[in-house]
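Here's a quick walk through this protein, from the overall layout down to a couple of helix pairs. Have the model open as you read.

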Amino acid sequence: MELFSYFRSSAAYRVRIALNLKQIEHSIVPVNLLNSEQRGAEYMALQPQGLVPALRLADGRVISQSTAILEYLEAVFPAHPLLPADPYQAAQVRSWANLIACDIHPLDNLRVLKYLKHKLGVSDPEKDSWYQHWILEGFRALESQLVAAPYAAGAQVTLAEVYLVPQVYNALRFNTDLGEFPKIRSIYAACNELPAFQQAAPEQQVDCP
Ligand SMILES: N[C@@H](CCC(=O)N[C@@H](CS)C(=O)NCC(=O)O)C(=O)O
């Protein structure tokens, strides 16, 4: 299978982590967001929203939306499960993943930041403040719920880390002060000790300059 990815896309980063954790053979096809390749006719034919990631299966079928891709991988490759067996704990993990995927990430997406800057005339410092605001608000709610022993839900790496690590990476890239989040910082550090996370990092991607 092929993952259409951009090295700094946190939605693609989620899928790269899961592919590595599940040890699924795949190749990465870079889509350069800064050159607007995601809006080119070739890519739009695969993913009509013009967003990465998209996963092309060996038979040519395509899945878009990182959450749908992750659910597909979990269903087809159940080894190295990314959800706890207990239904309540699984719901908690999904809740944390959704907090990031639905309530933080879309507000800080490239197209939103471009709209703020180019259509609404927001200055760079104001744009950065917007970016950090939504991360801090989401992380405050998340921090109070996490177990962090050593991972979000306990001893098992789950979808919580698949969503959290890319979001923390982005927060740090935009100089967000994470001092008030000791659990989030320790989970991030613990995950970055694992080869699956190390190999999925933006710096390891073929399209990283
Ligand atoms: N909900 C989508 C979000 C995908 C998304 O926002 N991708 C970003 C990169 S993280 C993107 O392609 N942005 C291109 C743009 O904004 O033009 C998913 O989870 O796959």
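Read along the sequence, the pattern is β-α-β-α-β-β-α-α-α-α-α-α-α, which comes to 9 helices and 4 strands. Helices here are DSSP runs of H or I with at least four residues, strands are E runs of at least two, and both are numbered from the N terminus.

A word on ground rules: this is a predicted model, so local features need pLDDT of at least 70 and side-chain atom pairs count only at pLDDT 80 or more, while totals for chains, interfaces and linings use all residues. Residues are numbered from 1 along each chain as its sequence is written.

On overall shape, the C-alpha atoms fill a box of roughly 45 × 45 × 30 Å along the principal axes. For 209 residues, a compact globule would have a radius of gyration near 17 Å, and the protein agrees at 17 Å (taken over C-alpha atoms; the rule is 2.2 Å times the number of residues to the power 0.38). Of those residues, 34% count as buried, meaning that 20 or more other C-beta atoms, placed from the backbone, lie within 10 Å of the residue's own.

Now for H1. 11 of its 12 residues are buried, so H1 is largely enclosed by the rest of the structure. Among the buried ones are Tyr13, Arg14, Arg16 and Leu21. The buried residues of H1 pack against strands S1 (2–5) and S3 (54–56), as well as H3, H7 (159–173) and H9 (195–200).

| Pair | Angle | Axis distance |
|---|---|---|
| H1 (10–21) and H3 (66–76) | about 10° | 9 Å |
| H4 (87–103) and H6 (124–143) | about 175° | 10 Å |

H1 and H3 are therefore roughly parallel, the term for angles under 35 degrees. Their contact (C-beta atoms, placed from the backbone, within 7 Å) is made by Ala11, Arg14, Val15 and Ala18 of H1 and Ser66, Ile69, Leu70 and Leu73 of H3.

H4 and H6 are therefore roughly antiparallel, which takes an angle over 145 degrees. Trp96, Leu99, Ile100 and Asp103 of H4 meet Gly138, Ala141 and Leu142 of H6.

Methods: Axes fitted to C-alpha atoms, helices over the stretch in contact; angles between N-to-C directions. Parallel < 35°, antiparallel > 145°, perpendicular 65-115°, else oblique. Contact = placed C-beta atoms within 7 Å.
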